[in-house]
Amino acid sequence: ATDPLRVLVTGAAGQIGYALVPMIARGAMLGPDQPIILHMLDIEPAAEALKGVKMELIDAAFPLLKGVVATTDVVEACKGVNVAVMVGGFPRKEGMERKDVMSKNVSIYKAQASALEQHAAPDCKVLVVANPANTNALILKEFAPSIPEKNITCLTRLDHNRALGQISERLNVHVGDVKNVIIWGNHSSTQYPDVNHATVTTNGSQKPVRELVADDKWLNSEFITTVQQRGAAIIKARKLSSALSAASSACDHIRDWVLGTPKGTWVSMGVYSDGSYGIQPGLIYSFPVTCEKGEWKIVQGLKIDQFSREKMDNTAQELIEEKSLAYSCLN
Ligand code: NAX
């Protein structure tokens, strides 16, 4: 029998946590044959709610779920974890300054970085979901220097999946037949959803999305803003932010990272920039990646036109500013 893997979910009593933990326990993240021990962390005000989630996990009698740790102690939460999904954070509340939100999250991610560094399994893979996701991941990386930087990522797969969804709706094709969109940059409204290399499989052959949509005006404006603003549209409709789609895409992110991307397919992940595509090293930036044997690799050699270049640089610029804001909070 396979040994169980320990998966940490922080902020597990929250909305995304509530959608995410049953998905993990059903094998959506690490596969249908991989037993799981779930570690759930939240803070004291949510301790009772967290207990309730644990009760429900027990009641659901998941065959793959070999244990549940529900705690408000970050050290206990991080012990021996193989995968860490960081959903907990300080939300932006109305009227709050950007700097105040950043400052709260910097101190959370600094503390959790140290706990992971000291207590997680040495090869632990980290996915940061909580906003500002790229910059939280960067802080985590800075304060967990012994965790290899390639093990620290942030979630832009939701944006990626939203882009696939928009193309599939527009062309009236199944979303599984659309692939190789790219989300470049920050998980924020400056992200650049790029369809220049995306394809649709119809009747066994692959056609470029640009050719099939045949409406550059829509692709270069409305499509991009719809994907960028999708989070806000969900809030408007649901009076709550995206949760099931965020949880599902977090599973997709880890699953593809650990089990590999299908041949000929790439996905978007926020990863530590090595300078590819002229993006300043030292930022966590979303790139197209392929994964094999538990390692991601940035897709190289894609042609970048002037339109894309500007948008890729613009979102990099925002990340540079977030980084300096985050550093100014460290003192
Ligand atoms: P909720 O407010 O429902 O849940 C957050 C949970 O985190 C709460 O239970 C809270 O008590 C807990 N928490 C706060 N500080 C903590 C700490 N120091 N340690 C452990 N837990 C802590 O928010 P939810 O809707 O679940 O969203 C969670 C985060 O995901 C937010 O930061 C949100 O902005 C971000 N998102 C990121 C997305 C992405 O694609 N990267 C998309 C969805 C989502 O908006």
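Where is the place of asparagine 180? It is in the loop between strand 7 (178–179) and strand 8 (182–184). Keep in mind that this is a predicted model.

Let me stay with that residue. Phi of asparagine 180 is near 65°. That is a positive value, and the residue is not a glycine. Is asparagine 180 buried or exposed? It is buried, because 24 other C-beta atoms lie within 10 Å, and 20 or more is the cut-off for buried.

Now take lysine 293. Its phi is also positive, about 50°, and again this is not a glycine. Lysine 293 sits in the loop between strand 13 (284–292) and strand 14 (295–298). Lysine 293 has 7 C-beta neighbours inside 10 Å, so it counts as exposed. The cut-off for exposed is 12 or fewer.

Next, the core. The largest nonpolar core has 94 residues. Val85, Val128 and Val129 have the most contacts inside it. Helix 4 (residues 98–119) supplies the largest share of this core, seven residues. What does valine 129 touch? Leaving out residues up to four places away in sequence, the partners are Ile16, Val85, Met86, Val87, Leu155, Ala246 and Ala250.

On to the ligand. It is surrounded by 28 residues. The closest are Gly11, Gly14, Ile16, Gly88 and Asn131. Helix 1 (residues 15–25) gives the most to this shell, three residues. By class, the shell has 16 nonpolar, 11 polar and one charged.

Last, look at asparagine 131 again. Its peptide bond to proline 132 is cis, with omega near -5°. Proline 132 lies in the loop between strand 5 (125–128) and helix 5 (133–142).

Key
Residues are numbered from 1 along each chain as its sequence is written. This is a predicted model: local features need pLDDT of at least 70, side-chain atom pairs count only at pLDDT 80 or more; totals for chains, interfaces and linings use all residues. A nonpolar core is a set of buried Ala, Val, Leu, Ile, Met, Phe, Trp, Tyr and Cys residues joined through C-beta atoms within 7 Å. Helices (H or I, at least four residues) and strands (E, at least two) are DSSP runs, numbered from the N terminus. Two residues are in contact if their C-beta atoms, placed from the backbone, lie within 7 Å. A residue is near a molecule or strand if its C-beta atom, placed from the backbone, lies within 6 Å of it. Ala, Val, Leu, Ile, Met, Phe, Trp, Tyr, Cys and Pro count as nonpolar, Asp, Glu, Lys and Arg as charged, and the others, Gly among them, as polar.
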